[in-house]
Amino acid sequence: MDGRQPMVPAMNTENAIHIIGGGLAGSEAAWQLASRGVPVILYEMRPVRGTDAHKTEGLAELVCSNSFRSDDASTNAVGLLHAEMRKLGSLIMRAADANQVPAGGALAVDRDAFSQTVTQALEAHPLIAIRREEVVGLPPEEWGRTIIATGPLTSPTLAEAVRRVTGERQLAFFDAIAPIVHAETIDMEIAWYQSRYDKVGPGGNGADYINCPMNRDQYEAFVEALLSSEKTDFKAWEGTPYFDGCLPIEIMAERGRETLRHGPMKPVGLTNPRDPTVKSYAIVQLRQDNALGTLYNIVGFQTKLKYAEQAKVLRMIPGLQNAEFARLGGLHRNTYLNSPSLLDETLQLKAMPRLRFAGQITGCEGYVESAAIGLAVGQFTASEYSGNPLRPFPTTTALGALINHITGGHIETIDAGPPSFQPMNVNFGLFPPVTFDKNNLDGKRLKGPEKSAARKRALTSRAAVDLDTWVREQQAGI
Ligand SMILES: Cc1cc2nc3c(=O)[nH]c(=O)nc-3n(C[C@H](O)[C@H](O)[C@H](O)COP(=O)(O)OP(=O)(O)OC[C@H]3O[C@@H](n4cnc5c(N)ncnc54)[C@H](O)[C@@H]3O)c2cc1C
């Protein structure tokens, strides 16, 4: 050694994969590609141009909380996703593990050290070139395969260009999320299946909705609770994106005590089979949300109530008194695609297959989920590059279940109001049902939390086995 730096051969950028956005998803996708010998050019607009939430120029910046949520891989879906990402060589998980701070059962990180670890790993990789510039329109054709991972705050010029390719209603700039309930926690002794006026409609059977009845006292108490509960505010830069068809329920309640009863809670065309002669004063409807039938959304119930209050208020609805929520409602600034109709199962844009999308722009939600989709898209693109396309991840794994939801598992419904596909965290409602032993060691029937934990353990054990098999078969070229 003569003290000079070793020569690193200049990267051949001619065949490089271009990635736009150096957030959680873009960083992970770049790492997955480069680790498989594929050259990458990663475009990140910060610090040349900022967003309303990012504060640094670091890659994979965490814009708000410093938590990756539960790290429990045996009874928590996001904990399982952590474990799968570790198994699949995730840079984001490696950096998170290396920069943990104490947080009980959660995986929380020192945000600056975490971002630095990711930035340094990508900067040091000989196959990754990082360009600090904004991509202002659709990637030019000569770039070839390109990954767009520009996140919920995609810069406006690029968002507009994407919107032109996908169509007016296919790219949202706000989410308007109605709460989603695990079907098995709805009390069907109180609720019943029926479509309004028993309409069959396309693909229906006249009993597609779950209906929760309210008498006058229950309705008035519910409206009172809505009005007095704490709401989250929009940040100054988010604006207030209320438009007809997507008003939060608490805003409707503010407009008049009867408004909800003439809107999403209208009781017409529905008969409670347990009390057919008495007209309900109001009815809350839930509609199937995923093809598996494990999740139901509360129709028209987008809300800005704070999460803790929201769960309490929603459990006042008869039939939902024990409801567990796969996600609570919200309304945020968020750029995302109507992925179930736009993307194929490898997150490729059907209308322009040279483009793949990754991260929150695909309609997943959360740091971990965004990075996980980046990982999958990186691996799909790398395997295609080497002429050996990857098989889809099993839908019984957390990663496979999430991708399946984004690219087809969600059932699209077309109403007035916001598009029915809304961003989603990973959760057990996205997994295909599993069979498990419903008795304890003494042969007694499991109930409540014990039964729920047994089901979750069965789901996570199945996922672990299926991912191992997938990895083995992939390596063996089966
Ligand atoms: C205000 C806010 C708070 C959030 N809080 C949390 C939270 O606490 N916990 C959680 O789990 N999730 C949170 N999320 C949700 C989400 O998981 C994160 O936003 C996550 O960072 C998404 O990862 P991503 O890689 O898809 O996008 P990002 O991490 O945002 O990365 C996208 C990158 O693309 C860059 N970019 C955008 N346009 C261009 C362009 N045209 N050219 C070049 N570069 C471009 C951006 O600068 C950015 O670095 C929050 C979202 C927002 C908006």
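This is a predicted model: local features need pLDDT of at least 70, side-chain atom pairs count only at pLDDT 80 or more; totals for chains, interfaces and linings use all residues.
Residues are numbered from 1 along each chain as its sequence is written, and side-chain values use heavy atoms, with hydrogens and water left out.

Strand 3 and strand 5 (residues 106-109) run antiparallel and share two bridges; two strands count as paired if DSSP finds at least two bridges between them. Helices (H or I, at least four residues) and strands (E, at least two) are DSSP runs numbered from the N terminus. The open sheet holds three strands in the order 3-5-4, paired antiparallel. Strand 3 (67-70) and strand 4 (100-101) are at the edges with a single partner strand each, so one side of each has no neighbour in the sheet. Helix 3 (residues 91-98) packs on this sheet and touches strand 3, strand 4 and strand 5, its direction making about 85° with that of strand 5. Such angles run from 0 to 180 degrees between N-to-C directions, with axes fitted to C-alpha atoms, for helices over the stretch in contact.

Which residues touch the most other members of the largest nonpolar core? Phe68 and Phe114 do, in a core of 93 residues. A nonpolar core is a set of buried Ala, Val, Leu, Ile, Met, Phe, Trp, Tyr and Cys residues joined through side-chain atoms within 4.5 Å. Buried means under 20% relative accessible area, exposed over 50%, and partly exposed in between (1.4 Å probe, protein chains only). Helix 10 (residues 367-385) supplies the largest share of this core, 10 residues.

Leaving aside neighbours within four places in sequence, Phe114 has contacts that include Leu24, Phe68, Ile92 and Val109; contact means heavy atoms within 4.5 Å. A second, separate core of 36 residues has Ile210, Met214, Phe222 and Tyr296 among its members.

## Helix 2 against helix 10

Helix 2 (residues 77-87) packs with helix 10 at an angle of about 35°, and their axes are 11 Å apart. The residues in contact are Val78, Leu81, His82 and Met85 from helix 2, and Val368, Glu369, Ala371, Ala372 and Leu375 from helix 10. By class, this contact has seven nonpolar, one polar and one charged residues. Here Ala, Val, Leu, Ile, Met, Phe, Trp, Tyr, Cys and Pro count as nonpolar, Asp, Glu, Lys and Arg as charged, and the others, Gly among them, as polar.

Six of the seven residues of strand 12 (residues 282-288) are buried. On strand 13 (residues 295-298), strand 12 has an antiparallel partner over three bridges, with Arg287 bridged to Asn297. Six residues lie between strand 12 and strand 13 in their hairpin, where Gly293 takes a positive phi near 75°.

Strand 1 and strand 2 (residues 40-43) pair in the parallel sense over four bridges, and Ile17 stands opposite Val40.

In helix 5 (residues 156-166), Leu158, Ala159, Ala161, Val162, Arg163 and Thr166 are buried. Their cover includes strand 1, strand 8 (171-177) and strand 15 (330-337). Just after helix 5, Gly167 takes a positive phi of about 110°.
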